[in-house]
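Okay, thanks for coming, everyone. Let me put the thing on the screen and then talk you through a pocket and the helix beside it.

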Amino acid sequence: MQAIELTCGPVRVLHLEEGRYINEVDFAEHRPVLIMGPDAAKKIFQGRRALGATALVNGRTFQVVGVLATSGGTCFNSPDDQAFVPLGVAQGIFNAPRYPGQYTVSSLRGTAVSAANVDAAEVCI
């Protein structure tokens, strides 16, 4: 599972097969929504339709608002096997207990979708 930030849209391209992206209202209201990669959706829902369904994540119910198109990738870096949630929601349920009241980041990753977006990607990272 990866947390994403709305302001860093130019950093990563996630192509939807169906549904919608996580939007401004989802971020502002800390809605428990997620976008799933197609392989993750198949594993979790075992052939049932993922879009609109709910998934339990760390004891909390999330609604699937989008399913990604197959993109491929290597090893653990493929969005096909991942789910994406709003950053604020992830911080609220996954924050490390050893740092109460503080938000921690274990890694950052970004890819500019084109040469024109390199500056925006660097700002986000």
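So, the second largest pocket: helix 2 gives the largest share of its lining, four residues. Quick housekeeping: this is a predicted model, where local features need pLDDT of at least 70, side-chain atom pairs count only at pLDDT 80 or more, and totals for chains, interfaces and linings use all residues. Residues are numbered from 1 along each chain as its sequence is written, and side-chain values use heavy atoms, with hydrogens and water left out.

Helices here are DSSP runs of H or I, at least four residues, strands are E runs of at least two, and both are numbered from the N terminus. Strand 2 (16–19) and strand 5 also give two or more residues each to that lining.

Now, which residues of helix 2 are buried? Pro38, Ala40, Ala41 and Phe45, where buried means under 20% relative accessible area, exposed over 50%, and partly exposed in between, with a 1.4 Å probe on protein chains only. They sit on the same side of helix 2, because they cover an arc of only 160° around the axis, taking directions from the helix axis to the C-beta atoms.

What covers the buried residues? Strand 3, strand 4 and strand 5 are included in that cover, going by contact, meaning heavy atoms within 4.5 Å.
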